[in-house]
Amino acid sequence: MLRGKSKYTKEAIEFAMDEVYNLLKLKAEIKNKTYRFSGYINFVVTRPKVRGINAPHCRDKVVQLAMNNVLKEIYNPKFIYDSYACIDEKGTHRCVKRIQHFMRKAKWEYGDEAFIVKIDIKKFFYNIVRDILKELIAQTIKEKETLELIYLIIDSADAIDVLGMPLGNTLSQLCANIYLNVVDQYAKRNLGLKYYIRYMDDIIIIVENKERAKEVLELIRAKVEKELGLVLNENKSKIFPLAQGANAIGFKIYPTHMLLRNESKKRIKQKLKKFKPLLIEEEITIEKVEQILNSWLGHADLANSYKFIQSLLERFDYIKLVDKRFKNGKIKKVFKIKREVIDDARKSYISAKAS
């Protein structure tokens, strides 16, 4: 709970200072059915887009983490193999590689007639119908006391809106997968779609031709609207030829290669432009900047990004790429800050400030 600098909130520290007592108290409240949800901490994030976040308080987060650890052992085996969001050993990189693998197989099997169906659900988290979600959960979880506790967390969203699950809730991610598993099972079992992948509310399907693509899009639309009470995002839900490639999970994916999305390129250039003055004024540490840059590099390495990375090295004089040996023995390129460049710039800055 205290991993990462941002987790050291006053609440978290106070809970950890008497952790055993607080955990036993929570356990007793749950057992005696006196546990009550403490409400939400509300804030806004702007990346990758502006979203309102409703985060639980520390003690409620502990309850949700414990519940999630138990429930995922029950539900993860029930999900289709090609569901990739918020599931252990899955994630964005595996999803992107799987999409490209499917594109290659579909091109070999269907040829130039192959079509992609891309589906995005409009404001998915904000429009989940909580009564439908509870019905879906009750199909698997039969223990009354467990259901009551799950429903308590779900119903806590009543304080926010009549629909939806809070983005900040730990349990919301699992609930989202349970909700859209209805679509996954329909796609695989009823429609027989073998090239089907979902990452949260983003769905990629590859079919044999344009006519089948139109049919599949309308069948999925009907399923989503009638059984789940959701609506497709019309601007992002469309069909197009496989050769056109697919914009998904931060990449432009083709059967033969992958490219970084323009938005990803724009963001890293903005950060690099901002970081140098912050380093000079010692408002951010070198270690923090390197961590951010190498996190992005891990994303960029999946794509054909060599030329773009070289352009960054040419444009920003305070960064370089060096070899680093990892614990598994692999040697990879990582970003490093040129300390001598920052030191020289800092001396000039201090001198100019003094004069």
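I began with a term: helices are DSSP runs of H or I at least four residues long, numbered from the N terminus. I also noted that this is a predicted model.

**Entry 1: the cavity**

About 30 Å³ of space lies in the largest cavity.

Next I asked which helices each supply at least two residues of its lining. They are helix H3 (58-75) and helix H8 (170-190). H8 gives the most, with 4 residues.

I then listed the lining by name. Leu71, Tyr75, Ile137, Ile150, Leu171, Leu174, Cys175 and Ile178 line the largest cavity. By class, I counted 8 nonpolar residues, no polar ones and no charged ones.

**Entry 2: H8 and H9**

I stayed with H8 and turned to its packing. Two packed helices are described by the angle between their axes and the distance between the axes. I looked up both values here. H8 packs against helix H9 (residues 210-228) at an angle of about 145°. The two axes are 10 Å apart. The crossing of H8 and H9 is right-handed.

Which residues meet? From H8 I noted Tyr179, Leu180, Val182, Val183, Tyr186 and Ala187. From H9 I noted Leu219, Ile220, Lys223, Val224, Glu227 and Leu228. This contact has 10 nonpolar residues, no polar ones and 2 charged ones.

**Entry 3: H1 and H2**

I moved to helix H1 (residues 10-17) and helix H2 (residues 19-32). Their axes are 5 Å apart, and the packing angle is about 95°. Angles of 65 to 115 degrees count as roughly perpendicular. H1 and H2 are therefore roughly perpendicular to each other.

H1 makes the contact with Glu14, Phe15, Ala16 and Met17. H2 uses Glu19, Asn22, Leu23 and Leu26. I sorted the contact of H1 with H2 into 5 nonpolar, 1 polar and 2 charged residues.

**Entry 4: H10 and H12**

Last, I checked helix H10 (residues 262-280) and helix H12 (residues 306-315). Are they roughly parallel or roughly perpendicular? Their axes come within 12 Å and cross at roughly 20°. Angles under 35 degrees count as roughly parallel. So H10 is roughly parallel to H12. I recorded the crossing of H10 and H12 as right-handed.

On the H10 side, Lys265, Ile268, Lys269 and Leu272 make the contact. On the H12 side, Phe308, Leu312 and Arg315 do. I noted 4 nonpolar, no polar and 3 charged residues in the contact of H10 with H12.

Technical notes: Residues numbered from 1 in each chain as written. Predicted model: local features only at pLDDT ≥ 70, side-chain atom pairs only at ≥ 80, totals over all residues. Heavy atoms only, no water. Axes fitted to C-alpha atoms, helices over the stretch in contact; angles between N-to-C directions. Parallel < 35°, antiparallel > 145°, perpendicular 65-115°, else oblique. Left-handed = near helix turned anticlockwise from the far one by under 90°. Contact = heavy atoms within 4.5 Å. Nonpolar A, V, L, I, M, F, W, Y, C, P; charged D, E, K, R; others polar. 1 Å grid on protein atoms, 1.4 Å probe; cavity = no way out; pocket = protein on both sides within 12 Å on 5 of 7 lines; lining within 4 Å. Points joined across faces, edges and corners; volume = space filled by probe spheres on them.
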